[in-house]
Amino acid sequence: MLDKVSKRVGVVRSLKNRLTRRSLRTIYISFIRSKLEYCETIWDGLITEYQSEQLEILQRNVIRIITGLTSYCRNEYLYLESGLEKLSDRRRHHRLCLLYKLIHEPSLYYIRTRLLPVLINNPDI
């Protein structure tokens, strides 16, 4: 996955002098972040801390391309300047939204009755 996304980052890098910051941000969200977040609620618990950090590094590199900030800039400023969230925070938010839907959506009754007893009886999952 990182190889495919890295190629897309190269495209953004080649466009950085031709497009506005807003356009670059839209391209990132549409073509790169969507690839990084595909099926994230399923695979998030399966990746290592190292793999998660690699995803964050990739995102920070793209943010630097979009904003023009240097590598000496603190990560917090990158996120403030770009208006983007850390990928790990987004994954956590998406997991919580999915859990809420599993508990409260009437249309998900079948999944709720099968999955929640397993989660309650096995808290380590």
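This note sets out points on the fold, the surface and one residue of a predicted model.

1. Secondary structure. The protein contains seven helices and zero strands. Followed along the sequence, the elements give the pattern α-α-α-α-α-α-α. The radius of gyration is 18 Å, well over the 14 Å that the globule rule gives for 125 residues, so the protein is more spread out than a compact globule.

2. Dimensions. Taken along the principal axes, the C-alpha trace of the protein spans about 55 × 30 × 25 Å.

3. Contacts along the chain. Among the contacts in the protein with a separation of 6 or more, 54% come from residues 24 or more positions apart.

4. Burial and surface. Of the 125 residues, 28% count as buried. The accessible surface of the protein amounts to about 8900 Å², and carbon and sulfur atoms account for 56% of that surface.

5. Charges. The protein carries 22 positive and 13 negative charges.

6. Serine 52. This residue belongs to helix α4, which covers residues 49-67. With a relative accessible area of 11%, Serine 52 falls under the 20% cut-off and is therefore buried. Leaving aside residues up to four places away in sequence, Serine 52 touches Ile47 and Arg91.

Definitions and conventions: Residues numbered from 1 in each chain as written. Predicted model: local features only at pLDDT ≥ 70, side-chain atom pairs only at ≥ 80, totals over all residues. Heavy atoms only, no water. Helix = DSSP H or I, 4+ residues; strand = E, 2+ residues; numbered from the N terminus. Rg over C-alpha atoms; globule rule 2.2 N^0.38 Å. Buried < 20%, exposed > 50% of the residue type's maximum accessible area, 1.4 Å probe, protein only. Contact = heavy atoms within 4.5 Å. Areas by Shrake-Rupley, 256 points an atom, 1.4 Å probe, with all protein chains shown as cover. Lys, Arg positive; Asp, Glu negative; His and termini not counted. Charge placed at Lys NZ, Arg CZ, Asp CG, Glu CD.
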